[in-house]
Amino acid sequence: MYTAAKPRYESMRYNRVGKSGVKLPAISLGWWYTFGALDNLANARAIARRAFDLGVVHFDLANNYGPPPGAAEETFGRLLKEDFGSTRDELIVSTKAGYDMWAGPYGEQGSRKHLLASLDQSLKRMGLEYVDIFYSHRFDPETPLEETMGALDSAVRQGKALYVGISNYTPEQTGQAVRILHDLGTPCLIHQAGYNMFNRWVEQGLLELLDKEGIGFIAFSPLAQGRLTDRYLKGIPPGARASKTERVWRGLTPQDVDDSLAKVRRLNEIARQRGQTLAQMALAWVLRKVQVTSALIGASSVEQLEADLAALDQLQFSAEELQVIEDILQG
Ligand code: NDP
């Protein structure tokens with residue numbers, strides 16, 4: 001029997017999502033890994049509970065998170081029933097549609113057919129009447145954007161989502177999507193895209209655009225899937241993400257780890273001088289941008305989660321530190 005910790009709102013900071021009425025924790029928890037059918041349920045439960053107890057009230061899912069696809073939402077459904085039922089209104093739960101989910105022409109991409117059918121499936125798996133945020137997971141070049149955005153608008157009008165967002169859209173696609181949603185009367189709440197020291201495309205116009213439009217930004221994989229931590233400093237440990245081969249699409253390969261290791265070692269030294277772990281410095285670095293509403297982490301243990309949340313104790317950088325980091329990243 002789980003009872004949420006009383007002081008759960010004392011240490012987290014909450015940032016306003018663009019110009020909306022809603023706030024998100026500075027660090028949110030993603031359910032891509034760790035919450036599937038191949039993972040340990042007791043561990044998943046412990047991570048979700050600890051996150052909530054520490055003020056992480058945003059859980060980010062997608063139709064296809066698992067494995068198998070759908071399993072993370074089923075795990076969420078179970079935990080909602082058994083642990084979080086009475087605290088549903090304290091949570092922001094998001095899901096997405098757009099990547100491969102079921103067989104045939106309607107199982108992916110941006111059609112109205114895919115998005116709305118997928119959302120119905122997600123709600124069923126999670127045992128929810130509505131999600132807080134429903135995302136178009138990726139831009140579909142073959143579907144009119146009006147159709148994809150129209151489906152998001154319908155989800156809100158049908159009471160199945162409170163807010164909508166887009167993920168992985170370029171600045172140009174974002175500009176168009178934002179205009180269509182605005183005209184439909186369902187504003188775009190938030191954009192979700194990858195952002196970390198090794199992946200900085202959002203700095204080329206997207207963050208600026210979102211700022212101008214009053215839209216929030218949530219940065220996925222702020223730890224570069226574990227590379228921006230001490231996880232791989234002594235090789236690839238068994239069970240680490242880069243060792244996992246059972247996924248249909250592998251998130252991180254041993255080659256990725258190798259390619260970044262020299263920079264990671266140097267960054268690790270800077271973090272040590274700042275009195276932080278590399279993971280903590282990497283999160284502070286993502287959060288240094290005012291446009292970043294939340295850093296969306298993954299964690300495979302309670303210890304990782306707790307260590308990552310401690311990043312909030314030291315978010316400041318001196319100009320010199322930022323320059324040294326920049327030199328390492330550009331080197
Ligand atoms: P991160 O970059 O935070 O990587 C998480 C991984 O880093 C963990 O699984 C763990 O790896 C390792 N790690 C975390 N903390 C520590 C620590 N303190 N010490 C050592 N290692 C640590 O994020 P993810 O790539 O997991 O993505 C987060 C979320 O973003 C996803 O769950 C999903 O919700 C969202 N996302 C969205 C996408 C989209 O297209 N919209 C795409 C990708 C992600 P290990 O498992 O090896 O222990």
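A residue counts as buried if 20 or more other C-beta atoms lie within 10 Å of its own, exposed if 12 or fewer, and partly exposed in between, with C-beta atoms placed from the backbone. The model is predicted: local features need pLDDT of at least 70, side-chain atom pairs count only at pLDDT 80 or more, and totals for chains, interfaces and linings use all residues. Residue numbers start from 1 along each chain as its sequence is written.

**View 1. Ala-103 lies in a loop between a strand and a helix.** The loop links strand E5 (92-97) and helix H3 (112-126). Helices (H or I, at least four residues) and strands (E, at least two) are DSSP runs, numbered from the N terminus. Ala-103 is exposed because 8 other C-beta atoms lie within 10 Å. Tyr-65 is 38 residues away from Ala-103 in sequence and 16 Å away in space, C-alpha to C-alpha.

**View 2. The ligand is surrounded by 30 residues.** Gly-30, Trp-32, Phe-220, Gly-226 and Gly-298 are the closest. Strand E10 (292-297) and helix H9 (302-309) each supply at least two shell residues. H9 gives the most, with 3 residues. By class, the shell holds 13 nonpolar, 12 polar and 5 charged residues. Nonpolar covers Ala, Val, Leu, Ile, Met, Phe, Trp, Tyr, Cys and Pro; charged covers Asp, Glu, Lys and Arg; the others, Gly among them, are polar.

**View 3. Helix H4 (residues 145-157) packs on helix H5 (residues 171-184).** The angle is about 50° and the axes are 9 Å apart. H4 is therefore oblique to H5. Angles under 35 degrees count as roughly parallel, over 145 as roughly antiparallel, 65 to 115 as roughly perpendicular and the rest as oblique. Axes are lines fitted to C-alpha atoms, for helices over the stretch in contact; angles run from 0 to 180 degrees between N-to-C directions. Contact requires C-beta atoms, placed from the backbone, within 7 Å. Among the H4 residues that meet H5 are Leu-145, Met-149 and Leu-152. The H5 side includes Ala-177, Ile-180 and Leu-184. This contact has 7 nonpolar, 2 polar and 2 charged residues.

**View 4. Helix H7 (residues 254-274) and helix H10 (residues 319-330) cross at roughly 170°.** Their axes come within 9 Å. H7 and H10 are therefore roughly antiparallel. Lys-263, Arg-266, Leu-267, Ile-270 and Arg-274 in H7 meet Glu-321, Val-324, Ile-325, Ile-328 and Leu-329 in H10. This contact has 6 nonpolar, no polar and 4 charged residues.

Definitions and conventions
Near = placed C-beta within 6 Å. Contact = placed C-beta atoms within 7 Å.
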